[in-house]
Amino acid sequence: MTESVWPGGVAPWWTRAVVYQIYPRSFADSNGDGVGDLGGIRQHLDHLADLGVDVIWLSPVYPSPQHDNGYDISDYQNIEPLFGTLDEFDALLAEVHERGMRLVMDLVVNHTSDEHPWFVESKSSPDNPKRDWYWWRDARGGHQPGEPGAEPTNWRSFFSGPSWQLDEATGQYYLHLFAVQQPDLNWENPDVRAAVYAMMNWWLDRGVDGFRMDVINFISKHLDLPEAPVAPGETLADGAPFFVSGPRIHEFLHEMNEKVFAGRDAQLITVGEMPGVTIDDARQFTDPQSAEIDMVFQFEHVGLDHGPGGKFDPQPLDLVALKHSLARWQEGLGTVGWNSLYLDNHDQPRLVSRFGDDGEYRYESATLWATALHLHRGTPYIYQGEEIGMTNVPFESITDYRDVETLNHYLEATGERGASAESVMPGIRSSSRDNARTPVQWNDGPQAGFTTGEPWIGVNPNYLEVNAERDRASERSVFRFYQRLIELRHTSDLVALGTFELLEAAHPTLYAFTRSLGDEKLLVVANVSGEPLELWPLSDGAGTLLAPWAGDEPHLLIANLPASAAAPDARTLAPWEVRVYGLTARKSA
């Protein structure tokens with residue numbers, strides 16, 4: 001293995017950073033209306049400062065009709081009244097900076113709300129100067145507008161149904177890869193790009209520290225918007241090959257870097273959320289020589305448990321497949337590119353319920369996965385509530401859910417496909433995005449301390465046992481364990497920049513890997529199961545043995561069980577136990 005050298009010299013500050021994502025409507029409510037807001041965030045900034053995170057990523061707080069909980073933006077340069085005002089945002093930003101943290105805005109520029117003034121103008125007339133700011137097309141040849149199958153292409157929306165919507169007034173269709181209320185911007189138009197860059201500069205001038213850019217690799221589309229192959233029994237197709245990392249994507253991101261970020265003295269960060277991105281593209285996106293973005297946010301690993309029916313057909317964890325995926329990205333980006341490390345966010349089920357044990361071993365599995373993730377090379381992300389081990393919510397009825405993707409899936413499955421509610425609900429309970437969107441559980445008081453009013457979505461009933469106040473006071477605190485991992489990244493060159501090597505790749509329950517930098521090495525061993533695992537010696541079935549010491553002396557750095565149980569000579573890993581050893585070379589006699 002080659003040693004880790006940052007291209008071009010000193011490694012950027014964000015290689016040692018940890019990001020915390022806030023989903024504002026579910027974080028904390030300061031005015032009792034049941035919706036989280038900027039005031040609620042300000043009330044809990046010390047919680048984040050104590051945790052030790054460096055960056056707060058704020059999911060969208062712009063004005064929005066809230067069809068997709070803020071990811072449908074109607075005004076890029078203001079604050080949604082549900083959340084507060086621009087003055088309150090400025091106060092939040094100042095208080096974040098006072099605590100030595102940075103604030104990153106979530107930016108959605110693949111699409112806008114259909115209530116954004118740009119789209120209102122675009123829709124008003126085929127001759128409007130902003131008509132070409134969005135993707136408008138005539139009905140398919142031989143069809144009248146509005147007829148079944150008249151959509152310009154056969155692409156399926158990510159939120160079910162066709163990705164084209166008819167505007168009856170003008171007789172044309174507009175493209176929406178997501179909800180009907182989220183029309184896609186046409187980045188081929190230079191005026192669109194100029195308007196987006198001006199808006200981004202406005203926020204940076206205001207003092208924000210960068211952007212996490214939603215589905216940013218969708219902004220370049222194949223101009224002919226071709227038909228996609230249709231699977232047997234389906235009428236709509238996956239158009240992803242024609243808009244994922246399209247023909248001008250690198251050009252657009254390089255131009256964005258030049259127009260927005262180049263020449264600024266501030267220490268900024270740019271994160272590209274990129275569903276479907278390949279490792280080769282990710283290397284180019286994040287290679288410092290490309291001058292595009294700092295890191296990618298990719299999805300390969302969180303799609304591995306999707307069954308033949310998609311995300312709402314979840315399959316049990318295949319640890320071998322997950323290890324292989326994460327290792328591919330570690331090795332593929334190597335010392336050139338940079339990855340975002342996450343298993344939780346606002347679009348994913350809760351980590352401890354999805355990949356761990358949210359019952360008897362909730363603490364152990366929460367801390368195991370935190371260790372595995374934070375000790376990879378990349379920038380770790382913590383999603384709100386993850387640091388106290390929050391779990392999926394056991395909603396009984398579809399009426400308890402609020403997520404547009406979930407509701408559309410339910411209607412399509414029980415309507416068009418004729419499935420029973422009883423057969424659809426288990427997949428929704430397991431995989432709905434609302435699992436991550438229930439209110440943060442601050443204490444065991446009414447509504448978990450989230451609000452004095454009626455919350456916009458139900459609180460997880462386990463808040464009496466799982467809440468921040470109780471966790472931070474516990475001898476087995478998930479929060480304090482995260483603090484130790486964050487401190488390790490802050491202080492260790494090895495953790496921040498070392499190379500990665502996966503061990504025992506084929507083992508079904510052992511997650512083991514090393515990180516190396518110069519003469520330093522650390523070893524992570526984790527038992528991803530509810531059964532004890534004999535560690536030394538260990539056969540992978542092919543007759544080889546795990547020999548982690550390789551002539552080195554181990555010393556325990558961190559473990560999620562008491563140190564006495566995780567001594568170097570302890571041969572058995574308990575259920576969901578993880579240990580991290582530092583390896584020091586033995587001196588020859």
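Start with the second largest pocket, which has 22 lining residues, with P12, W14, N257, L268 and D294 lying nearest its centre. A pocket here is an open set of points on a 1 Å grid over the protein atoms alone, with protein on both sides within 12 Å along at least five of seven lines, and a lining residue has an atom within 4 Å of a point. This is a predicted model, with residues numbered from 1 along each chain as its sequence is written. Local features need pLDDT of at least 70, side-chain atom pairs count only at pLDDT 80 or more, totals for chains, interfaces and linings use all residues, and side-chain values use heavy atoms, with hydrogens and water left out.

Two elements, α7 (249–261) and β8 (269–273), each give two or more residues to that pocket's lining; helices (H or I, at least four residues) and strands (E, at least two) are DSSP runs numbered from the N terminus. By class, the lining splits into 14 nonpolar, four polar and four charged residues, where Ala, Val, Leu, Ile, Met, Phe, Trp, Tyr, Cys and Pro are nonpolar, Asp, Glu, Lys and Arg charged, and the others, Gly among them, polar. The pocket's volume is about 480 Å³, meaning the space filled by probe spheres set on grid points joined across faces, edges and corners.

Methods. On a 1 Å grid over the protein atoms alone, a cavity is a set of points where a 1.4 Å probe fits but cannot get out, and a pocket is an open set with protein on both sides within 12 Å along at least five of seven lines; lining residues have an atom within 4 Å of a point.
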